[in-house]
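Dear colleague,

I am handing over a structure that may be new to you, and I would be glad if you could look through it alongside the notes that follow.

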Amino acid sequence: MAFLTTDRIIAIGLVVALLASIFMGANQELQTNVAVGLIGYLGRVVTEGRSTGDIVKETAMNELQKLAVKGVSDAIAKHK
């Protein structure tokens with residue numbers, strides 16, 4: 001199941017939405033917005049070289065570290 005990453009699912013969804021809007025004759029603005037979103041998302045993924053899952057994990061770890069440091073500093077302040 002390593003083939004289906006979050007990035008691939010999002011990219012496939014955007015491609016399907018773009019193709020559906022083209023073949024179903026949706027208005028030009030919708031097609032442009034979907035295309036720009038697809039290009040922007042893929043550009044971010046390529047330049048970062050990481051998957052969305054990695055970014056979410058890193059953000060969660062950073063938040064946990066901040067909470068731990070705050071908890072320790074609060075405990076030290078109570079004992080002074």
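**Around Q31**

Leaving aside residues up to four places away in sequence, Q31 touches L18, S21, I22 and A26. Please keep in mind while reading that this is a predicted model. Q31 itself is placed in helix α2, which covers residues 28-48, and its side chain reaches the backbone oxygen of S21 at a distance of 3.0 Å. Is Q31 buried or exposed? Its relative accessibility is 15%, and because buried means under 20% relative accessible area, Q31 counts as buried.

I12 lies in helix α1, which is made up of residues 6-23. With a relative accessible area of 47%, I12 is described as partly exposed, because that class takes in the values between under 20%, which is buried, and over 50%, which is exposed. I12 also belongs to a nonpolar patch on the surface, which it forms with F3, L4, I9 and V16, and the accessible area of these residues together is about 500 Å².

**The chain as a whole**

How many helices and strands are there in the protein chain? There are three helices and zero strands, so that, by the DSSP runs numbered from the N terminus, the order of the elements reads α-α-α. The protein chain has 80 residues, of which 12% count as buried, and its accessible surface comes to about 6,300 Å², with 70% of that surface belonging to carbon and sulfur atoms.

Key:
Residues are numbered from 1 along each chain as its sequence is written. Side-chain values use heavy atoms; hydrogens and water are left out. Patches are made of residues with over 30% relative accessible area and no salt bridge: like charges are joined within 9 Å, nonpolar side chains (Val, Leu, Ile, Met, Phe, Trp, Tyr) within 5 Å. Accessible areas come from the Shrake-Rupley method with a 1.4 Å probe; for residues, only the protein chains shown count as cover. A salt bridge is a side-chain nitrogen of Lys or Arg within 4 Å of a carboxyl oxygen of Asp or Glu. Helices (H or I, at least four residues) and strands (E, at least two) are DSSP runs, numbered from the N terminus. Buried means under 20% relative accessible area, exposed over 50%, partly exposed in between (1.4 Å probe, protein chains only). A polar contact is a pair of N or O atoms within 3.5 Å; within protein, one must be able to donate a hydrogen and the other to accept it, and residues adjacent in sequence count only if both atoms are side-chain atoms. Contact means heavy atoms within 4.5 Å.
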